[in-house]
Amino acid sequence: MDLGIAGKWALVCGASKGLGFGCAQALVREGVHVLIVARGAEVLQASARKLIADSARPASATVQFVAADITTAEGRAAVFAVRRDFDIVVTNAGGPPPGDFRDWERDDWIKAVDANMLTPIELIKATVDGMAARGFGRIVNITSSSVKSPIDILGLSNGARSGLTGFVAGVARTQLAAQGVTINNLLPGKFDTDRIATTVRASAEKSGKSIEEIRRAQQAQIPAGRYGTPGEFGAICAFLCSAQAAYMTGQNVLADGGAYPGTF
């Protein structure tokens, strides 16, 4: 299927590895020009080279990168100094650390809200009016399955991402929808990334079990019987950015291998 987005410009955050890289790769393969952002310059540059060398990338699709912390005003300024207008924005920032809420101080909560709620809102604010003026825009916020099914050791993430979800539910249903701009949240369950390694290690330490035991137990609870891959996640993201997804906005799209047990 031709997703109808070749030649568009995309900003993909947290794109040096994991789910962010999966999204960037899927968009590049559709002929989208991408500007990828992450904090680690060396890993980011290697990821950009990998995207450029991808045999499935149309020659017309360009790849740019900016090493910056997108959760800071300075980092966002560095990105917009390179390019201001984007047709597609994929917001993504590393999730806050797991732990016991009794151990978290106010600064821990502020950091979580800054990274996982306020940063996406700032990126939406900076790009959405230009999208509306051009008559096309796709914003995809990578959040978490914990928005629908909270995870006890991820209280910081549960809270901050739920705040973003509430904000998006309102702004996605404004006049922007009639101006060709969609805003959706993409909720990953357990994907085989560095993030899952962190949470598995935390669970292992809390339970006294081995990391491999935790991994096997988690995968056994997923109807698909395995963790997801960044490539699968990226393909879903690319579809949400497509011309065909123009009638989907304000949605929370869950990608979890069937793990969520609810009907709605």
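**A loop glycine and two helix pairings**

Let's start in a loop: Gly99 sits between strand β4 (88-91) and helix α4 (106-134). Keep in mind as we go that this is a predicted model. Gly99 has a relative accessibility of 25%, and because buried means under 20% and exposed over 50%, this glycine counts as partly exposed. Setting aside neighbours within four places in sequence, Gly99 is in contact with Trp104, Asp152 and Ile153. Asp152 is 53 residues away from Gly99 along the chain, and the C-alpha atoms of the two are separated by 8.4 Å.

Now turn to helices α1 (residues 18-29) and α2 (residues 41-53). Their axes come within 10 Å and cross at roughly 30 degrees. Angles under 35 degrees count as roughly parallel, and α1 and α2 are therefore described that way. The crossing of α1 past α2 is right-handed. From α1, the contact is made by Phe21, Ala24, Gln25 and Val28, and from α2 by Ser47, Lys50 and Leu51. By type, these contact residues are four nonpolar, two polar and one charged.

Our last stop is helix α7 (residues 211-220). Which residues of α7 are buried? They are Ile214, Gln218 and Gln219. These three lie on the same side of α7, because they cover an arc of only 125 degrees around the axis. An α-helix has 3.6 residues a turn, so residues three or four places apart point the same way. The buried residues of α7 pack against α6 (194-207), while on the other side of α7, Arg216 and Ala220 are exposed.

Methods. Residues numbered from 1 in each chain as written. Predicted model: local features only at pLDDT ≥ 70, side-chain atom pairs only at ≥ 80, totals over all residues. Heavy atoms only, no water. Buried < 20%, exposed > 50% of the residue type's maximum accessible area, 1.4 Å probe, protein only. Helix = DSSP H or I, 4+ residues; strand = E, 2+ residues; numbered from the N terminus. Arc of directions from axis to C-beta. Contact = heavy atoms within 4.5 Å. Axes fitted to C-alpha atoms, helices over the stretch in contact; angles between N-to-C directions. Parallel < 35°, antiparallel > 145°, perpendicular 65-115°, else oblique. Left-handed = near helix turned anticlockwise from the far one by under 90°. Nonpolar A, V, L, I, M, F, W, Y, C, P; charged D, E, K, R; others polar.
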